[in-house]
Structure formats: C-alpha cells, structure tokens
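Me: I should like to learn how to read the features of a protein model. Could you guide me through one, step by step?

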Amino acid sequence: MISKTYLRYIWLLDTIKWSRIPLTFEDIVKIWETSPYAYMGRLPIRTFHEHRKGIEEMFGVIIECDKSNGYTYYVKNPEVLKQNPYAQLLLRKYSVPQNFTTFNMMRDRILLEEIPHGTAYFDPVVESMRRNTELVIDYQRYEGQRETLTMQPYSMKVYNRRWYILGYINEKEAIRHLALERILDLHTTNVKFELPKDFNPRKYYDNVVGVYVNEELPVVNLKIRVYGVQMEYMRMLPLHKSQSEVKSKYGAFAEFTYRVCLTPELKSKILALGSDVEVLEPTEYRDEIKKEISFTLNRY
C-alpha cells in the first residue's frame, strides 16, 4: 500500500487542481476534514507547507499562493502533470471523487480495482531514486531462489498490476528489473551512484510489451490480424505504441503492424487473445505461436 504521506500529497494536489474556485488554506482544511483521509489526523499550516514542498520535489508541480486574491492557492505549472506519466499514474490510481459524500453512499456499488501488491517498499525505493543511493535487497525469485542484491535504482514501472524497479545490479553487472512483491527485505544505504546521463527509462522500454528487455533481441516487423469485436478493443487499447492499422474489412477483421522485440510477454499477450488474433508475420513467429497453441491443446 502506498504511504499515508504520498496519499496526502496526491489528495492535496488533486483537490487544488480540480477546484472550480480559488481555495484558501482554511477552505482546504474544511475539505480535508470531510475527506476519506481525515482519519490520518489534522492538517496544520506547517504540514500544509511541507506537503507543498514535497509535491514540488516529487512531481515538479508548484502550488503557489496568490496573495492578491485573498491568499488562495493554485497550481502554477499544470503543464508539468501532462509531461509526467508517474504523476498521472498516481493521480489516476489513488485519487478519489471530490464529492466523497456521494461516493461514500454508493461505495457498495462502485467497485474499484485493487491496488497492486508489493508496495510496502515503495517509499524507500522512491527516496533512494531521488537521492541516487544504492539499495540492498533480499529477493526471492518466482522459482524459489533467494539472493541478496545491491541495486542502483533507475526507475519504477507498473505492469499487470505489479510494481517493478529497474536498475543496475552490481552482482549481475547489468541492468535488471525486480518485482516489488518478491522483495523479502530492503535496506537503504548512503552509497551514492551516478545515474547514466544517456539512460532514458521510456526509451529503454521503447520496443517491448511489458518489462522484459533483452538487448540481444532484434526489433522486427510484427503483423497480426484481429477478428470480431476484438478489433475495437485493439483500436482503443493498442498492444504497443507502434501499432498501425494497415488493412481492414468492415465487421470482419483488421490488420495491425508493430515494431517490437518478440519477448515472452508479447507472446503471452497474443495467446491471451485466443481465436480473435492471428499472427501473419514474421513466418517463423507465426509457426512459433502455432506450436504453442498445439502444446496447449495437448494438455486437454
């Protein structure tokens, strides 16, 4: 679960950002007292200003005071939120409707997706990323192997409702990702590291679906044919950002192309679509998917 401090940051930013009228500190306190987070305690002026500072450090968003308008507060640089996918994710996932009274009355009929597991170490990881300090992690892989790893955390990513840390692992002498839910214990250190100037997390994942990156895999042209109602789902939620629709027959099928690496996660995504998708190219990959489907049939 995300920490109470970060929840307060998100609540404060969300409240000020979406308010239709300028809010004074007194207005914000009144809204806080009727919010779902009021159980965390009061919101004194000192804490309020500490939260403003924390929001600026965490998201780069400045909450400014307009002294000429009755000492009201507003988001000075809202464009930063659009440029920060991390902020957008947290705001989407942890914000609650501003009219919480109505929301609370309907809580048995409004079903929210569960927060991803494994976020107990979320705060120290983010703090180490901010300070560029190494982490010592006691980690257990899905196969059962347990190991102690020293990581330089570069970034974090959520995929399939799981949080992952991406960074350089000293013992592996390579960049790897670790699932937060597999961490048994974690210790922060004061050992500094230099974040590579040419490292861009978004670019690192540019050609993959999911989190698995193998730099030895080439980027290829993938072409699939999608049938039935799945066509519209694919148009609304692309399999990958490189998706391009190249051919379609109304109500029958649509063909999409991609520039991707053929990773295990991509294969899982394609197989999950079942009979609604057909791999056309590359031919070798089509045969590989066909073979995987045959293995599945043999289990029945």
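**Reading a sheet, a helix pair and some backbone angles**

Reply: Strands (E, at least two residues) and helices (H or I, at least four) are DSSP runs, numbered from the N terminus. This is a predicted model, in which local features need pLDDT of at least 70 and side-chain atom pairs count only at pLDDT 80 or more, while totals for chains, interfaces and linings use all residues. Residues are numbered from 1 along each chain as its sequence is written, and side-chain values use heavy atoms, with hydrogens and water left out.

Me: How many bridges join β9 to β12, and in which direction do these strands run?

Reply: Strands of a sheet pair through backbone hydrogen bonds, either parallel or antiparallel. Two strands count as paired if DSSP finds at least two bridges between them. Here, β9 (residues 220-227) is joined to β12 by 4 bridges, and the two run antiparallel.

Me: In what order do the strands of the open sheet lie?

Reply: The order is β10-β11-β9-β12, an open sheet of 4 strands with antiparallel pairing. Its edge strands, β10 (244-249) and β12 (277-281), each pair on one side only. On average, neighbouring strands of this sheet are turned by 25° against each other, direction ignored. Helix α11 (residues 283-298) packs on the sheet, where α11 touches β9 and β12. Contact means heavy atoms within 4.5 Å. The direction of α11 makes about 145° with that of β12; axes are lines fitted to C-alpha atoms, for helices over the stretch in contact, and angles run from 0 to 180 degrees between N-to-C directions.

Me: At what angle do helices α1 and α3 pack?

Reply: Angles under 35 degrees count as roughly parallel, over 145 as roughly antiparallel, 65 to 115 as roughly perpendicular and the rest as oblique. Helix α1 (residues 4-18) packs against α3 (residues 45-59) at about 90°, and their axes are 10 Å apart. The helices α1 and α3 are therefore roughly perpendicular. Among the residues in contact are Y6 and L13 of α1, and F48 and M58 of α3. By class, this contact has 9 nonpolar, 3 polar and 3 charged residues. Ala, Val, Leu, Ile, Met, Phe, Trp, Tyr, Cys and Pro count as nonpolar, Asp, Glu, Lys and Arg as charged, and the others, Gly among them, as polar.

Me: Which residues are joined by a cis peptide bond?

Reply: Most residues other than glycine have a negative phi, and most peptide bonds are trans. In this model, E281 and P282 are joined by a cis peptide bond, with omega about 0°. P282 belongs to the loop between β12 and α11.

Me: Where does Y71 lie, and is Y71 buried or exposed?

Reply: Buried means under 20% relative accessible area, exposed over 50%, and partly exposed in between (1.4 Å probe, protein chains only). Y71 lies in the loop between β2 (63-66) and β3 (72-75), and has a positive phi of about 55° although it is not a glycine. With a relative accessible area of 51%, Y71 is exposed. N132, in the loop between α7 (122-131) and β4 (133-140), has a positive phi near 55°. N132 is partly exposed, at 23%.

Me: What is the mean pLDDT of the chain?

Reply: pLDDT is the predictor's confidence in each residue, from 0 to 100. The mean for the chain is 86, and 87% of its residues reach 70 or more. Over residues 97-103, however, the pLDDT is below 50. Where pLDDT is low, the predicted coordinates should not be read in detail.
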